[in-house]
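Please read it alongside the sequence and coordinates.

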Amino acid sequence: MLLLFYLSSGLFLGWALGANDASNIFGSAVGTKMLRFKTAAIVGSIFVILGAVIQGAGASHTLGKLGTINAMGGAFTVALAAGVTVFWMTKLKYPVSTSQAIVGAIIGWNFYAGRSTDFHSLYPIVITWISGPILGAIFSALLYIGMRKLILTLRVHLFDLDQIIRILLLVVGAFGAYSLGANNIANVVGVFLPLAPETPLDFYIFSLNGSQQLFLLGGISIAIGIFTYSKRVMETVGNDIVALSSESALVVVLAQSLVLFIFSNQALSDAVQSVGLPAIPMVPVSSSQVIVGAIIGIGLVRGVHSIQFGIIGGIASGWVVTPIMAGLLSFVSLFFVGNVFKIEVVKPQNQPTSTIVTEIDSVKIEKEKSDTVRFLSDSTERLIQR
Amino acid sequence: MELFKTSAALKKMLDEFFDTIEEVVLIAKIAVDDYLSGQHIKFHENLLRVVELEHKADHIRRNIENRLYEKSLLPQFRGDLLHLLEKTDDIADILTSGLSQFEVERPRFPEELHADLRRLTEMCVKSVEHLIPAERIYFRDPLSVKEMIHKVYFYEKESDQQALEIKRKIFNQIEDLDLSEKIHLRYFIIQIESISDTAETAANILSIMSIKRTL
């Protein structure tokens, strides 16, 4: 029960992510009325949850290394600070990055706790804040050129094209939602992973381990965010930077999904490594940043004049503000929670079991010990009886 | 599949609409010829056919419009497309009302104007004859639209010149006509001329639509 209470801030962050980031996937399709909001919300929710549960571990692992938050109160406050930042920025209609918010909030905790930030983990994350949008722009530009050529060569009738694009928007949207769940679930429950339950949850046909149970809860919170708050954002997104056609909307979502998928697929990273290339970092990428890059990519193909640079400037300033704001909010909130509410947000560094992971490990050892003792005493009793 | 059934039905309706407009224009051309040749019965029969086809075109256009909105198809192109179809349908409306006025008002065109009048009708018909294929091709190959509508603009200019020429003859060369008769004939010339003007307006809409699709 206590775990659920602490987890509530993470679920709030998940809700904020669903409200904001689902619009990146289905915003253009719903905004241009190619898809109904209800259809988009149902498909988006199902695939976000699937992505989170099946493939959510990779990026979560990297985020966990950035700062090992060793107290439940700390994890709660960090996720809350990130959630409030995302919600606030969404209210201001900025395509905010949940990844940036959580990274900023974790660094805020590191500062508060006086711990050093693991720059080996931070470096690839920050690099994706730049490489993500660039990759998004490259993918979308190439896909856009290819699709335009294909449509003109195949001479598909406009009515048929409309129907095909509707189906593709749904399929690609599902892929996008899956990738979003797989990549961004780390932002939602990553800081709570040390608190994951030990008992697997058995559904008869499959079972979920502790982390996957957290991923499922996080996925559900994202789905609730999609259903309850994303409609407004979806209906306004897409046409601000460059006026998007339905074909462009498809390209943008596909480019974004590919980038998110690349940064959360361990098998792909292994395959890249096997041919002698550097491994792809498994990091949570900002879907909002990638989509802005993807839209700019199309704008560049159409001609630079079609891009509203003023709007891009506003969005980019949001990218700088988000991690700083989340970091400051996290720092101040930790101070309040720790000193006013007297909730432990940081375990002292000299404590032998300095992290919850080791705390849980020790609980496990104790449990194993007591099981062994019980087993031995039972066996002795049985022997005596014989 | 339900989705593609809608698309197939719309394609069929669209083809039927264009066929109907083409037919209206061809019959109207014959009707003008009949009128000038004094074959009033044939003219009347053709007028009835034009009226019937014009109703049919209206009906198809409304069906397409309803279907596009009911199934929320082509949300980005729908407005332009319906505007284009309305303009194209206006051609049939103009022809129907023009021919009806021929029958009611029976304008007396002097013999020396007949050839010019036939040529004016021919130019107007040609502008529409080039517009409809351009509209058909737009749905599959928007890049080809530009070169096709070029001919619409050409015949529109030709018909403008021809109309001006006829008006000049009516007012400056033919003397055995009253001023009221001259003004009456000018009214009919303007009426015929407006067919190619409407075709030109439709071509302008189509041109913008094709640019939008190739962006």
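Predicted model: local features only at pLDDT ≥ 70, side-chain atom pairs only at ≥ 80, totals over all residues.

**Salt bridges**

Over all chains, a search of the whole structure finds 20 salt bridges.

| Pair | N to O distance |
|---|---|
| B:D19 and B:R136 | 2.6 Å |
| B:D80 and B:K212 | 2.7 Å |
| B:K87 and B:D90 | 3.3 Å |

The salt bridge between B:D19 and B:R136 has an N to O distance of 2.6 Å. B:D19 belongs to helix α1 (residues 2-36) of chain B and B:R136 to helix α4 of chain B, and the pair therefore ties together parts that lie 117 residues apart in sequence. With a relative accessibility of 38%, B:D19 counts as partly exposed, and B:R136 is likewise classed as partly exposed, at 26%.

In the salt bridge of B:D80 with B:K212, the closest N and O atoms are 2.7 Å apart. Because B:D80 lies in helix α3 of chain B and B:K212 in helix α6 (residues 179-214) of chain B, this pair ties together parts that are 132 residues apart in sequence. The lysine of the pair, B:K212, has a relative accessibility of 41% and so counts as partly exposed.

The pair B:K87 and B:D90, whose side chains meet at 3.3 Å from N to O, is placed within one helix: the two residues are 3 positions apart in helix α3 of chain B, which means that about one helical turn separates them. Relative accessibility is 23% for B:K87, which is therefore partly exposed, and 26% for B:D90, which is also partly exposed. Elsewhere in chain B, salt bridges with shared partners join B:D15, B:D19, B:E22 and B:R136 into one network.

Most residues other than glycine have a negative phi. With a relative accessible area of 41%, A:R155 is partly exposed. A:Y204, which is also not a glycine, has a positive phi near 70°; this tyrosine sits in the loop between β1 (201-202) and β2 (207-208) of chain A, where its relative accessible area of 81% makes it exposed.

At its start, a side-chain oxygen of A:N265 reaches to within 3.0 Å of the backbone nitrogen of A:A267. Just after α10(A), the glycine A:G276 takes a positive phi of about 90°.

**Nonpolar surface and packing in chain A**

A nonpolar surface patch of about 750 Å² is made by A:F111, A:F331, A:V332, A:F335, A:F336, A:V340 and A:F341. Helix α12 (residues 309-339) of chain A contributes the largest share of this patch, with 4 residues.

Is A:N24 buried or exposed? This asparagine, placed in helix α1 (residues 2-31) of chain A, has a relative accessible area of 2% and is therefore buried. Its side chain is joined to that of A:S287 by a polar contact of 3.0 Å.

Finally, A:L258 lies in helix α9 (residues 246-262) of chain A and is partly exposed, with a relative accessible area of 29%. Between the C-alpha atoms of A:L258 and A:D270, which are 12 residues apart along the chain, the separation is 17 Å.

Note on methods:
Residues numbered from 1 in each chain as written. Chains lettered and ligands numbered in written order. Heavy atoms only, no water. Polar contact = N/O pair within 3.5 Å; in protein donor to acceptor, adjacent residues only side chain to side chain. Salt bridge = Lys/Arg side-chain N within 4 Å of Asp/Glu carboxyl O. Buried < 20%, exposed > 50% of the residue type's maximum accessible area, 1.4 Å probe, protein only. Patch = residues over 30% accessible without salt bridge, like charges linked within 9 Å, V, L, I, M, F, W, Y side chains within 5 Å. Areas by Shrake-Rupley, 256 points an atom, 1.4 Å probe, with all protein chains shown as cover.
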